[in-house]
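Here are some notes for your reading of this model. Please keep the structure open beside them and check each point as you go.

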Amino acid sequence: ILFRRIKAHVDKSNVGFRARDSYHSEEELHEDYLALVFVPKMPWGDKQTYTYRVIHTLSYERPRWAIQLCKLAQASALQDRLDRIQKENIDEVWAEYGVKRIKDLVAEHKHQCPQIEELLNGFRGAERLMPRDQLFAWINNRISNHLKPTIEGHTTSAPREIAHFLYRIGFIVARSEDGDSYRHYHFHEMPDFLTSRTDDDFSVKWEVHPCYREALDIKKLDKSHRRGFQRRRQQ
């Protein structure tokens, strides 16, 4: 999607770019065009990751969200007079982008749970990664002790039922770790997670999806985030 957008602009504009006569693969062609707008790789966790994968993750695989994130990052890069979008530009708009995503999630699922916004805000300042018992304790202390949400017509204060709903709508995801590697599982892949009162779901850990994390202060603000907030206060 990003390649097609960039190529369409190049084809109708005089940007001084000419693709190579031949490529070994379609991926090489895509990377050439993407490099006009983005740095090829960005730091993600403790490693360097292809930029399009970072965008893919933060957009929750939704094209409209990806385009919106890129437009916000583009505005940041232009203001910084950079020739390409860098990780600091995504960091700077991540919280603003996350607020928009939370509003989308609330609008999409409010008919299923009228108190959904309170459920999401209950995770403000949460630990980034939590085992099942810690997740349930957090929900119990921050949500169940204060309200009983109605989920699809059923009123409950059970942390497991609340967690399963949040997992089903994509707000939290499961993370399985194996040494230095890990894998995320979403509801469509493992719908049975968080359904049993006795099974620990293979001891996976739970985290708020990255696209919502910054808006809920789950990760400490770094220099680029603070700069972004400062700019918005001055506007």
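**Notes on the predicted model**

1. Now look at helix α8 itself. Eight of the 10 residues of this helix (residues 159-168) are buried, so the rest of the structure largely encloses it. The buried residues in α8 are Pro-159, Arg-160, Ile-162, Ala-163, His-164, Phe-165, Leu-166 and Tyr-167. Note that Arg-160 and His-164 are on that list.

2. Tyr-167 also belongs to an aromatic cluster. Ring pairs link Tyr-167 with Tyr-185, Phe-187, Phe-193, Phe-202 and Trp-206. The structure holds 12 aromatic pairs. In one of them, the ring centres of Tyr-185 and Phe-193 are 6.3 Å apart and the planes stand at 75 degrees; an angle over 60 counts as edge-to-face, so this pair is edge-to-face. Both Tyr-185 and Phe-193 are buried.

3. Arg-101 lies over the face of Trp-65, 4.4 Å from the ring centre. The charged end of Lys-41 sits over the ring of Tyr-50, at 4.8 Å from the centre of that ring.

4. Strand β1 covers residues 41-44 and strand β2 covers residues 47-50. The two strands run antiparallel and are joined by four bridges. Two residues lie between them, and Gly-45 in the turn has a positive phi of about 70 degrees. Trp-44 stands opposite Lys-47 in β2.

5. Which residues of β1 are on its covered face, and which on the uncovered one? Met-42 and Trp-44 make up the covered face, while Lys-41 and Pro-43 make up the uncovered one. In a regular strand the side chains alternate between the two faces of the sheet.

6. Asn-89 deserves a separate look. This residue is in helix α5 (residues 87-109). Is Asn-89 buried or exposed? Asn-89 has a relative accessible area of 0%; buried means under 20%, so Asn-89 is buried. A polar atom of the Asn-89 side chain lies 2.8 Å from the backbone nitrogen of Gln-86. Leaving aside residues up to four places away in sequence, Asn-89 touches Ala-73, Ser-76, Ala-77, Asp-80, Leu-82 and Arg-84.

7. Next, the cysteines. A disulfide is a covalent bond between the sulfur atoms of two cysteines. How many disulfides does a search of the whole structure find? The search finds zero. For Cys-113, the nearest cysteine sulfur is that of Cys-211, 18 Å away, and Cys-113 is in no disulfide. Cys-211 is in no disulfide either; the nearest cysteine sulfur to it, that of Cys-70, is 14 Å away. A disulfide needs the two sulfur atoms within 2.5 Å. Cys-113 is buried, at 0% relative accessibility, and Cys-211 is buried with a relative accessible area of 0%.

8. Last, the chain as a whole. Its secondary structure comes to 10 helices and eight strands. The C-alpha trace spans about 60 × 45 × 35 Å along its principal axes. Of the 235 residues, 43% count as buried. Among contacts with a separation of 6 or more, 60% are between residues 24 or more positions apart.

Conventions:
Residues numbered from 1 in each chain as written. Predicted model: local features only at pLDDT ≥ 70, side-chain atom pairs only at ≥ 80, totals over all residues. Heavy atoms only, no water. Phe/Tyr/Trp six-rings, centres within 6.5 Å; stacked < 30°, edge-to-face > 60°. Buried < 20%, exposed > 50% of the residue type's maximum accessible area, 1.4 Å probe, protein only. Lys NZ or Arg CZ within 6 Å of the ring centre and 35° of its normal. Polar contact = N/O pair within 3.5 Å; in protein donor to acceptor, adjacent residues only side chain to side chain. Contact = heavy atoms within 4.5 Å. Pairing = 2+ DSSP bridges.
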